[in-house]
Amino acid sequence: MKPLDKKDIIILSELLTDGRISYSDLAEKIKLSVPATKSRVEKLHEMGIINAFTIDVDFSLLTEGRPSIIAIKTLSKYLHETMGKLYNNKLVRKIFLSGGKYNLLLLTHYITDAQKSKLITEIQNLEVVEDLEATILYEELLEKKDIVVIEPKNIKLICDFCKREFSDTIFSKVIGLKKRYFCCNVCLSEFEKKFEK
Ligand SMILES: [Zn+2]
């Protein structure tokens, strides 16, 4: 598959600024027909580059508290299990695997100090957690909405089951907290079966 071109980048940055932009406005910006624009957007969606057309809510106006970042150190053999438990906690917004002293980073939703203390206690009570450190984020000051693709990469789709490179129809599904891509439905269901074991 080819790397993204300039028109794709324009599509992405327009959609980031306004997810409700019409295909005809989008088509005008990239100087393509509406059907051609539509199929590019669909392709970006299929490839998993666009995950969802969503809205940007200012949670600071809705709820008390602030987000926190919690860095956690857990034994690597329990990493997956710990991730699953943390993912099920409704106060947790995002989980990153990380390197260095800690191997998991959590970003919480907007939570109060009391909720944060409770969450930290819950995490500390997980036996496999060896260490943690929490940082409060005081205020979100600036977020850049523009897209910077410094080194566009060749997009290679490798089937997560048969490991072949493929380029036409994409089958994807979240399995084990991660979005996986397959060349066909058979590979998808085989992977799922194997994963469950
Ligand atoms: Zn396959």
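## Ground rules

The model is predicted, so local features are taken at pLDDT of at least 70 and side-chain atom pairs at pLDDT 80 or more, while totals for chains, interfaces and linings use all residues. Numbering starts from 1 along each chain, following the sequence as written.

## The big picture

The protein has 6 helices and 8 strands; these are DSSP runs (helices are H or I with at least four residues, strands are E with at least two), numbered from the N terminus.

Take the contacts between residues at least 6 apart in sequence: 58% join residues at least 24 apart. A contact here is two residues whose C-beta atoms, placed from the backbone, lie within 7 Å.

## Helices 1 and 2

Helix 1 (residues 6-17) packs with helix 2 (residues 23-30) at an angle of about 140°, and their axes are 10 Å apart. Axes are lines fitted to C-alpha atoms, for helices over the stretch in contact, and angles run from 0 to 180 degrees between N-to-C directions. The two helices are therefore oblique to each other, a label for whatever is left once angles under 35 degrees (roughly parallel), over 145 (roughly antiparallel) and 65 to 115 (roughly perpendicular) are taken out.

Who touches whom? Lys7, Ile10, Ile11 and Glu14 of helix 1 meet Leu26, Lys29 and Ile30 of helix 2.

Next comes an open sheet of 4 strands, in the order 2-3-1-4 with antiparallel pairing; strands pair if DSSP finds at least two bridges between them. Strand 2 (92-97) and strand 4 (129-136) sit at the edges with a single partner strand each, so one side of each has no neighbour in the sheet. On average, neighbouring strands are turned by 20° against each other, direction ignored.

Strand 1 (residues 68-74) and strand 4 run antiparallel and are joined by 7 bridges. In this sheet, alanine 71 stands opposite glutamate 133 of strand 4.

## Helices on the sheet

Helix 4 (residues 79-87) packs on the sheet, touching strand 1, strand 2, strand 3 (104-108) and strand 4, and its direction makes about 165° with that of strand 2. Helix 5 (residues 113-125) lies across strand 1, strand 3 and strand 4, and runs at about 165° to strand 4.
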